[in-house]
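Could you walk me through this model in my viewer, one selection at a time?

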Amino acid sequence: MRHDQEFQSIPNVVRVAARRFADAPALVDGELRLSFRELAALMVRSVKAALALGIGPGDRVGLCGPNSAEWIVAALGIQGAGGVVVPLNTRFKARELSYILRKSGARALFAAGSFLGTDYLAELRRADPELPALRTTVSLPEPGRPWDFLSLGDELPPSAAHESIDRLTPDHISDVMFTSGTTGHPKGVILTHGQSLRAYGWMSTEYTFDASDSFLVIPPFFHCFGYKAGWLASFLHGVTVIPMAVFDAGRALEIIARERVSILLGPPTIFHDLLNHPGRQAYDLSSLRVSMTGGTTIPESLIHAMKKDLSFDIVLSAYGLTESTALVTTTRVGDTEAAVARTTGRPIPDVEVRIADDSGREVSPGQDGEILVRGYNVTRGYWDDPEATAGTIDADGRLHTGDIGHLDADGNLVIVDRKKEMFIVGGFNAYPAEIEKLLLGHESVAQVAVIGVPDARLGEVGCAFVVPGPGADVAEGDVIAWAREHMANFKVPRYVRFVAELPRNASQKVLKHELRARFAPGAR
């Protein structure tokens with residue numbers, strides 16, 4: 001049976017897990033340790049409290065805080081009351097948060113009292129005192145502190161929570177997830193309980209999640225990577241979830257060794273940092289078993305090192321975007337390291353991937369074009385934005401991703417680049433992700449991001465921002481000379497800038513607009 005049909009809704013996953021896994025550990029967050037039975041009891045209290053607060057079917061509720069047990073309990077409470085969670089990026093500033101809360105029509109806001117030096121409620125009250133969401137606010141507690149919110153519904157019987165959860169169906173909206181907004185105002189992606197259960201129920205089964213596993217969840221919960229591929233996928237199989245509020249390689253190594261973590265998913269930067277940590281060899285990492293790293297620039301050497309030095313048995317890659325419930329293709333257990341590094345695998349069941357040219361015609365295998373996706377995983381649209389919806393999902397139900405790629409002879413999807421990040425060098429289309437993959441073949445290049453910059457003769461040329469490997473002694477000319485030997489001339493970066501780290505958002509995506517701002521024409 002499909003997971004959407006079996007579980008119906010996200011809160012019901014926890015009720016079923018409490019019956020199946022009972023006193024097995026569900027959540028470990030610092031000193032807090034909850035069994036599945038205890039988590040289910042907390043969820044019922046949270047649902048009752050949300051009902052007492054006046055949250056009802058279809059109400060949008062903002063949720064802003066770091067990865068934590070309270071974030072999960074809050075989300076389950078909102079959804080169990082029939083509400084729709086609007087996850088908020090904890091790196092956003094007050095005006096960015098205000099835009100999303102107004103655009104979504106949020107009638108309430110759950111927010112951390114303080115995180116990374118920011119008091120979100122206080123900042124929002126200063127920036128937008130008339131914001132409707134501020135009329136009903138709930139502070140997420142500091143770790144280890146009591147949470148007054150949970151007592152709001154104590155006078156309601158547990159049956160009120162269960163009856164509310166029972167009314168949820170797979171077609172009800174579970175969340176509106178706003179895109180990162182790196183190319184303009186964020187857009188609210190509408191997703192349902194059933195879409196997430198079906199996609200991540202399949203994925204976690206394919207990835208061999210098991211009740212004996214523990215999962216250190218590093219990607220943020222405001223992103224599908226941490227929320228749906230993280231704690232939701234785990235609870236479906238009785239996996240213990242260990243949220244990490246802020247990634248620190250040394251701290252992560254400690255937790256992996258102490259809690260015998262076996263699942264760790266995340267962007268390549270996480271694994272680079274773990275591998276390069278000077279104290280890594282002092283920790284027992286033998287429990288690590290399953291990993292998936294997203295992104296388009298995954299060198300085969302990283303996959304090999306993850307298996308050899310971090311003890312992973314299974315390393316996979318995948319592709320998705322928020323508008324596709326963040327899952328379109330994935331490699332499978334048993335695929336070669338080359339396939340995992342060079343492709344993002346085959347489409348998930350019941351999802352169609354088509355490669356089309358600018359006129360919408362399907363191209364031949366191996367030929368680059370825009371990636372179009374059709375299937376149950378495609379968003380119902382953008383919240384309160386029919387024009388943007390129509391511009392992204394065509395009349396045939398195909399999602400136009402804006403990503404460029406092709407299907408190889410085995411049906412694996414190869415991502416070439418974001419369509420909007422392409423730059424044109426003397427009439428030739430240059431794709432940063434493709435160039436980045438090639439540059440990662442240089443022994444002294446640990447991380448790299450490529451952007452297009454103005455050039456008087458060619459229109460645009462490439463600039464590579466390079467993070468050198470530990471102890472590497474490499475100059476700009478060395479990288480450019482190597483590139484000339486290994487790629488077509490129009491792809492060769494004309495500039496190389498060495499940096500200690502690449503600027504990233506909380507989802508670990510490289511902020512290329514910041515790199516463009518750093519580039520000064522003519523600077524060497």
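Start by selecting residues 329-330, which make up strand 15, together with strand 16; the two run antiparallel and are joined by two bridges. Within this pairing, look at Thr330, which stands opposite Arg346 of strand 16. As you look, keep in mind that this is a predicted model.

Now widen the selection to take in strand 14. You have an open sheet of three strands, in the order 14-15-16 and with antiparallel pairing. Which strands stand at the edges? They are strand 14 (318-319) and strand 16 (346-347); each has a single partner strand, so one side of each is left without a neighbour in the sheet.

Select Ser311, found in the loop between helix 12 (300-308) and strand 13 (314-316). Check its backbone angles: phi of Ser311 is near 75°, a positive value in a residue other than glycine. Ser311 is partly exposed, with a relative accessible area of 26%.

For another case of positive phi, go to Ala22. Although Ala22 is not a glycine, its phi is about 45°. You will find Ala22 in the loop that links helix 2 (10-21) and strand 1.

Next, select strand 7, residues 173-178. Is this strand mostly covered or mostly open? Strand 7 is mostly covered, with five of its six residues buried.

Now for the second largest pocket, which holds about 730 Å³ of space. To find its centre, select Asp29, Ser68, Ala69, Glu70 and Pro143, the closest to that centre of the 36 residues in the lining. Then colour the elements that give two or more residues to the lining: strand 1 (25-29), helix 3 (36-52), helix 4 (69-80), strand 10 (240-243) and helix 10 (249-259). Which element gives the largest share? That is helix 10, with four residues. Colour the lining by residue type and it divides into 20 nonpolar, seven polar and nine charged residues.

How many disulfides does the structure hold? The count is zero. Select Cys64, which is in no disulfide; the nearest cysteine sulfur, in Cys224, is 17 Å away. Cys64 is buried, with a relative accessible area of 1%. Cys224 is likewise in no disulfide, and its nearest cysteine sulfur is that of Cys64. Cys224 is buried too, at a relative accessible area of 2%.

Finally, zoom out to the whole protein chain. Its secondary structure comes to 17 helices and 25 strands. Along the principal axes, the C-alpha trace spans about 70 × 55 × 50 Å. The radius of gyration is 23 Å, which agrees with the value near 24 Å that a compact globule of 524 residues would have. Of those 524 residues, 60% count as buried.

Key. Residues numbered from 1 in each chain as written. Predicted model: local features only at pLDDT ≥ 70, side-chain atom pairs only at ≥ 80, totals over all residues. Heavy atoms only, no water. 1 Å grid on protein atoms, 1.4 Å probe; cavity = no way out; pocket = protein on both sides within 12 Å on 5 of 7 lines; lining within 4 Å. Points joined across faces, edges and corners; volume = space filled by probe spheres on them. Nonpolar A, V, L, I, M, F, W, Y, C, P; charged D, E, K, R; others polar. Disulfide = S-S within 2.5 Å. Buried < 20%, exposed > 50% of the residue type's maximum accessible area, 1.4 Å probe, protein only. Pairing = 2+ DSSP bridges. Rg over C-alpha atoms; globule rule 2.2 N^0.38 Å.
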